[in-house]
Amino acid sequence: MTPELKGLLLVSAIKVLLVFVALLVGVLVVIWVERRGAGFMQDRLGPNRVGPLGLLQNVADGLKNLVKEEVVPARADRVIFYLAPLMSFVTALILFAVIPFGAPLPPFDVTLPLLGRVVHEGPIPLMVADLPVGFLFIIAISSVAVYGITLAGWASNSKYSLLGGLRASAQMISYELALGSSLIVVLLLAGNVMLSEIVAAQQRMVWFVFAATLAYLMLHIAAFAETNRLPFDLPEAEAELVAGYHAEYSAMKYAMFPLSEYVALITMSAFITTLFFGGWDIPFTAWDEQAAATWSLGAVLRTSMTALVFLGKTFFFVWVFVWVRWTLPRFRYDQLMFLGWKVLLPTALAYIVVMATAVLVLERWGIAQDWKYGLILFLVNVPLVAAVVFGLDRRRVLAGTQRRVPMEG
Amino acid sequence: MAIRVKVMRRPEREVSYLRATLKGMAVTFSHLLQPKVTMQYPEETAQEGFWHLSSRWRGTHRMLTDEQGRAKCVACGLCPQICPANCIKLVPGEDEDGHRYPLIYEIDEFRCVFCGYCQEVCPEEAIHVGVHYENAEYQRERFVYDLERLCAQTHPVSTLWDPSDPRGE
């Protein structure tokens, strides 16, 4: 083995381990946040008994799920029944591989005991795989996630599960379209599909949430549907379908589904952060953007600060997901389809046309891609967002939410 | 006869959930910061502090005693007579002075429906339902309270509902 190959393998192994552990710990924390947050929003305390502040409650629940009895329904398709939870868990985990979570570390050339000389040329990107197709990879794998849910519903040999699975496939496919087409604008702005390049483009210009506000709003709505969370949790719909696609699952096989849901939640938040909120970029400063050539305290500090900022941004979006979940009721199925096909998709397509024109015009005028470029795009976005909000709203309120008028006399 | 299908008119065009959503988010966020109503049960109980049981609460029974520590019961037999659940077992006895007293007085708290009739009917104000709720035991037999146990209870007794003062003022 050459020192370069050894270096690559070593770095990759460390990064994989880091991301894997961080995600699993993150899931525990997120579930804790969700349950305590739900409690606090409902004027109660939530789980606070196991461990400090109830932080170990999920560990206890995980242990419980590990030792519980596994039940396989009669005449279930056993192979797929066992495979389905794995499919949704693995696809949720694998998505994080292409998300950059910090500034690159400097290259190294050291001799380690046992391993010998280990070399890594060029800066070490803080992502498991800096794929040249990073963005497309996420779109592709997140549509594979629907298989886990649909197959789980189908293999259970239960009508409720099957209905849940069917809903999941219909919902996720229709929102996949809106999600994918709203993100084309990001590609137009960044001119690249590598997520590290998208982050770099945002450091050059402004965060894309300002340059492509409408795309961000549409991605956020589609993300609720993609992660099967309220207000779009129709595949689960516990009021109508018992528990939807995982009604027949028990013990750890069941736990895989919530686990993958929360991993997907973290990944979606990280994805939104990366695409629209500058990824690991620290706003208003430039010192985090200069790549360090040699190892120093500054380089390590820079990377850890950016990673912390990334964590904070991601956590904010996780919190928004939790907040929305405990606020909104579930959509009716026709409302869901209406929003996906008749609102989001046409809006996204029209938005692509407008933004492509804007980008083309800016290119013609020869405006450099710096903060002025972003500002102009922001000014283009403001009327668009206002128009969409006006079109959706127009001072109309859902029937039944008006304040009740007290009766006369 | 033709089948009549009722078509639900779903609101589609007049619907906007934008404002309702934002309003809802504001409501949930404000509740996030409000004081919580959870009782931290083993540490806090309803006897003290913010929570209290109603004085009309009807829990497990208590037999009141006189100054000599004897049960006030005169074994008149009214409480087993009125008990709708038939959970009171009373065997009356009489001492040499002609005073009646219970030889056996047992209440099966599993059968009891906690109606409080026994307390209402008692002419001596001896048997009472109590303001009390922590009754866990390891054996079913332990839920048959005998006279000694009923006399040893210390929790406050119920005031029951007074028809002349329906709001307890």
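View 1. Chain B exposes about 12000 Å², and carbon and sulfur atoms supply 53% of it. Accessible areas come from the Shrake-Rupley method with a 1.4 Å probe, and for residues only the protein chains shown count as cover. This is a predicted model: local features need pLDDT of at least 70, side-chain atom pairs count only at pLDDT 80 or more, and totals for chains, interfaces and linings use all residues, while side-chain values use heavy atoms, with hydrogens and water left out. Residues are numbered from 1 along each chain as its sequence is written, and chains are lettered from A and ligands numbered from 1 in the order in which they are written.

Chain B holds 4 helices and 5 strands. Helices (H or I, at least four residues) and strands (E, at least two) are DSSP runs, numbered from the N terminus. Read from the N terminus, the order in chain B is α-β-α-β-β-α-β-β-α. The radius of gyration of chain B is 27 Å, well over the 15 Å that the globule rule gives for 169 residues, so chain B is more spread out than a compact globule. That radius is taken over C-alpha atoms; the rule is 2.2 Å times the number of residues to the power 0.38. The C-alpha trace of chain B spans about 90 × 60 × 40 Å along its principal axes. Of the 169 residues of chain B, 28% count as buried. Buried means under 20% relative accessible area, exposed over 50%, and partly exposed in between (1.4 Å probe, protein chains only). Take contacts in chain B between residues at least 6 apart in sequence: 69% of them join residues at least 24 apart. Contact means heavy atoms within 4.5 Å.

**View 2. The largest pocket, lined by helices of chains A and B.** Rolling a probe the size of a water molecule over the atoms shows where empty space is left. The search uses a 1 Å grid over the protein atoms alone: a cavity is a set of points where a 1.4 Å probe fits but cannot get out, a pocket is an open set with protein on both sides within 12 Å along at least five of seven lines, and lining residues have an atom within 4 Å of a point. Grid points are joined across faces, edges and corners, and a volume is the space filled by probe spheres set on the points.

The largest pocket has a volume of about 1200 Å³. Its lining has 36 residues; A:Ile221, A:Leu328, B:Tyr17, B:Leu18 and B:Thr21 lie nearest the centre. At least two lining residues come from each of α8 (213-226), α11 (297-325), α12 (333-364) and α13 (371-393) of chain A, and α1 (18-32) of chain B. The largest share, 8 residues, is from α1(B). By class, the lining has 27 nonpolar, 7 polar and 2 charged residues. Ala, Val, Leu, Ile, Met, Phe, Trp, Tyr, Cys and Pro count as nonpolar, Asp, Glu, Lys and Arg as charged, and the others, Gly among them, as polar.

**View 3. The second largest pocket.** This pocket holds about 860 Å³ of space. It is lined by 37 residues, with A:Ile31, A:Arg35, A:Tyr254, A:Pro258 and A:Tyr262 nearest its centre. Helices α1 (3-41), α2 (57-67) and α10 (251-276) of chain A each supply at least two lining residues. α10(A) gives the most, with 9 residues. The lining divides into 19 nonpolar, 6 polar and 12 charged residues.

**View 4. A:Asn58 in helix α2 of chain A.** A:Asn58 is buried, with a relative accessible area of 8%. Leaving aside neighbours within four places in sequence, A:Asn58 touches A:Leu28, A:Ile31, A:Trp32 and A:Arg35.

**View 5. The largest cavity.** The whole structure has 3 cavities of 30 Å³ or more. About 220 Å³ of space lies in the largest cavity. Of its 17 lining residues, A:Ala145, A:Glu226, A:Thr227, A:Ser260 and A:Ala264 lie nearest the centre. Helices α3 (78-94), α4 (134-155) and α10 of chain A each give two or more lining residues. The most, 5 residues, come from α10(A).

**View 6. Two loop residues with positive phi.** A:Arg75 has a positive phi of about 60 degrees although it is not a glycine. A:Arg75 sits in the loop between α2 and α3 of chain A. A:Arg75 is exposed, at 79% relative accessible area. A:Asn157 lies in the loop between α4 and α5 (159-190) of chain A. Its phi is near 55 degrees. A:Asn157 is partly exposed, at 47%.
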